[in-house]
Amino acid sequence: MIIRSRIDYGAVVYSTCKKSYLGPICTIQNTALRLAFGAFRTSPVSSLHCLANEFPLIDRFHYLRLSYVVHIARNPNNPLRRPILESPIDPALQNPFNKRLRSDLQQLDLPSFPQTLSQTFTSNPPWVNSPLPVNISMSIYKTDTTPPSVIQAEYRALTSQFPDHTHLFTDASKSSQGVGAAVKTPTDVLQFSLPTYSSVLTGELYNILEALNHIVNLPGFHFVLFTDSMSALQAFKALFPVNPLVVRIQEQFQQLRLQSKEILFCYIPSHMGITGNEMADTLAKEAILSVNSKPLIAVPSTDIKSLFRTRIVASWQRKWDTHPSHLRKIQPNVTTRLPLPSTRQGQVLISRLRLGHSRLAHAYLFSLDKVPPQCTKCKSVPAVEHILLHCTTFQQNRIRWSLLPSLTEVLGDLPAVEKLLQFLTAAGLLQLI
Ligand SMILES: [Zn+2]
């Protein structure tokens, strides 16, 4: 962590220099990873990144630069906002930051910087505001074990407590084509479409905000807003909310209270045959592509950071997919975190086996004569795969410890790895890995 913070400091500015200048800095990260795993110098750098679930430094810099712009974009008063996000590229300058930003976005197939919701803060201190009344009594029912009829009966009992209230239902839905959100009131339907990178939580929060905006013009003074988003209701508890939509909801709620309008937020389980919820669900799905939907383009900065991370991970994955490494047979996905045993010795041994570089097969590269070793019995190179799966010398021990027949299985989960360590001890291989 001490090294990481120093590398990160100023990376937004210096990381777009020539790649050859970044080489020594990449070496620092790679050395740190090697030390952490106890890996040999011959182990491929790309495998080390993958095993550690750490971005290659160039990708990390890419993410840091874009995250920095997210911070600028969400603050309308930031003096850098105009020169970076709004001004045209000045041809007199050699490589200004906004030109580098355009290149960073193009690498992720993004035509422009996504619209970011401005960060706002509550105008009143938290002790002046009334907390938002939330009823989550129906969250005690587990939807996978409780019959829908029981939940429907409980819902009827719950709503009977509010006979004079106006009931509103909200729901959001995400698909590969986008995010849709809908509000169903007794008389109206409101539909919204959000960008594909928006989270469902953003859809749910926008829904609640738009429902409150709608209530301003509705007759009556008592309203119940039913939602199946527990995370949206949990977000209301924050004294100093970070999500700009939660801030806006809290502000609008206080405004409605000044008009003597009371709103209760109620949790209801989804897909349980509750009519209002089912209707809102269908409307939200329709809203994704409906021409009647009001487009909501700006999303919170967390969604945009998540978009950048997802795209950079996808690009890293594409590179990994073409990488001919031993580790890829065991860990095809860059974001998978493989478990490690609890002892340091076990961690080093298993990491070396996963990386495919062991003392037995690769120590010759550090010797003077550089003659590759040969298995005395099978006359083949004693690579990790040969030792663990094929070598006849260790056949008895392999059967005794019931080693699994593929590299993916034998170096995969924790029980397999514990068994493998017992095998290595019994076969006298501990010092040779
Ligand atoms: Zn052999």
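A hairpin of 4 residues links strand β3 to strand β4. β3 covers residues 178–184, and β4 covers residues 189–194. The model is predicted. It holds 20 helices and 7 strands, and the fold is more spread out than a compact globule, because its radius of gyration is well over what the globule rule gives.

- β3 and β4 run antiparallel and are joined by 6 bridges.
- In this pairing, alanine 181 stands opposite phenylalanine 192 of β4.
- β2 spans residues 166–175.
- β2 and β3 also run antiparallel, with 7 bridges between them.
- Here phenylalanine 169 faces lysine 184 of β3.
- How many of the 7 residues of β3 are buried? The count is 6, so the strand is mostly covered, where buried means 20 or more other C-beta atoms within 10 Å of the residue's own.

**Overall shape**

- The C-alpha trace spans about 90 × 65 × 45 Å along the principal axes.
- Buried residues account for 31% of the 433 residues in the protein.
- Among contacts with a separation of 6 or more, 69% are between residues 24 or more positions apart.

**Domains**

- The protein is divided into domain 1, domain 2 and domain 3.
- Domain 1 is made of two stretches, 1–116 and 300–337.
- Domain 2 takes in 134–299.
- Domain 3 takes in 338–432.
- How far apart are the C-alpha centres of domain 2 and domain 3? They lie 55 Å apart.

**The annotated region**

- Which residues does UniProt list for "domain: RNase H type-1"? The unreviewed entry gives residues 162–289.
- Over residues 162–289, the chain is 39% helix.
- Strand makes up 27% of residues 162–289.
- The end C-alpha atoms of residues 162–289 are 35 Å apart.

Terms used
Residues are numbered from 1 along each chain as its sequence is written. This is a predicted model: local features need pLDDT of at least 70, side-chain atom pairs count only at pLDDT 80 or more; totals for chains, interfaces and linings use all residues. Helices (H or I, at least four residues) and strands (E, at least two) are DSSP runs, numbered from the N terminus. The radius of gyration is taken over C-alpha atoms; the globule rule is 2.2 Å times the number of residues to the power 0.38. A residue is buried if 20 or more other C-beta atoms lie within 10 Å of its own, exposed if 12 or fewer, and partly exposed in between; C-beta atoms are placed from the backbone. Two residues are in contact if their C-beta atoms, placed from the backbone, lie within 7 Å. Two strands pair if DSSP finds at least two bridges between them. Domain bounds come from an automatic or database domain assignment. UniProt positions are given in the numbering used here, feature names are shortened, and annotations may be inferred rather than shown by experiment.
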